[in-house]
Amino acid sequence: MPKKRTSRGRAKGGKGSSGTVHCSQCGAMVPRDKAKKITGRITLVEPQLAKELKSQGAYIAPSTDVKFYCVSCAVHRGIVKVRSENDRRNSGKLG
């Protein structure tokens, strides 16, 4: 049987079962090492207020937002691209 990906589509290696997470888009249960993790920074302060506070010298720490996507939702949102047969084997940056 031909092998599509060297990682079998996961980052598990030989460590047994990994936990599951819910997809942020569709709610499907996905293995944590297979899900695509996207981190983003969100600010809890309105931009106008943040501008005034920064002018007075205040530091506003941004909050980190972590989202997990299943592979199909990641492809649909453009986070992960569909790659050709030869390109699937290298796990470098998609760029």
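The sulfur of Cys 70 lies 3.5 Å from the closest cysteine sulfur, that of Cys 73, which is too far for a bond; a disulfide is a pair of cysteine sulfur atoms within 2.5 Å. The model is predicted: local features need pLDDT of at least 70 and side-chain atom pairs count only at pLDDT 80 or more, while totals for chains, interfaces and linings use all residues. Residues are numbered from 1 along each chain as its sequence is written, and side-chain values use heavy atoms, with hydrogens and water left out.

**Cysteines**

- By the disulfide rule, the count comes to 0.
- Cys 70 is buried, with a relative accessible area of 8% (buried means under 20% relative accessible area, exposed over 50%, and partly exposed in between, with a 1.4 Å probe and protein chains only).
- For Cys 26, the closest cysteine sulfur is again in Cys 73, at 3.7 Å, too far for a bond.
- Cys 26 is partly exposed, at 47% relative accessible area.

**Overall architecture**

- The chain has 2 helices and 4 strands, where helices (H or I, at least four residues) and strands (E, at least two) are DSSP runs numbered from the N terminus.
- In order from the N terminus, the elements run β-β-β-α-β-α.
- The radius of gyration of the chain is 19 Å, well over the 12 Å that the globule rule gives for 95 residues, so the chain is more spread out than a compact globule. This radius is taken over C-alpha atoms, and the globule rule is 2.2 Å times the number of residues to the power 0.38.
- The C-alpha trace spans about 65 × 30 × 25 Å along its principal axes.
- Of the 95 residues in the chain, 13% are buried.
- Among contacts with a separation of 6 or more, 49% come from residues 24 or more positions apart; contact means heavy atoms within 4.5 Å.

**Nonpolar core**

- The largest nonpolar core has 9 residues: Val 21, Cys 23, Val 30, Ala 35, Phe 68, Tyr 69, Cys 70, Cys 73 and Ala 74. Such a core is a set of buried Ala, Val, Leu, Ile, Met, Phe, Trp, Tyr and Cys residues joined through side-chain atoms within 4.5 Å.
- At least two residues of this core are supplied by each of β4 (63–69) and α2 (71–77).
- Beyond its neighbours within four places in sequence, Cys 23 is in contact with Ala 28, Val 30, Phe 68, Tyr 69, Cys 70 and Cys 73.

**Salt bridge**

- The chain has 1 salt bridge, meaning a side-chain nitrogen of Lys or Arg within 4 Å of a carboxyl oxygen of Asp or Glu.
- Arg 10 pairs with Asp 33, and the closest N and O atoms are 3.2 Å apart.
- Arg 10 lies in the segment before β1 and Asp 33 in the loop between β2 (29–31) and β3 (36–42), so the pair ties together parts that are 23 residues apart in sequence.
- Arg 10 is partly exposed, at 28% relative accessible area, whereas Asp 33 is buried, at 15%.

**Individual residues**

- Arg 8, in the segment before β1 (20–22), has a positive phi of about 55° although it is not a glycine.
- At 54% relative accessibility, Arg 8 counts as exposed.
- Lys 81 lies in the segment after α2, and its side chain reaches the backbone oxygen of Gly 78 at 3.2 Å.
- The C-alpha atoms of Lys 81 and Tyr 69, 12 residues apart along the chain, are separated by 14 Å.

Key: Polar contact = N/O pair within 3.5 Å; in protein donor to acceptor, adjacent residues only side chain to side chain.
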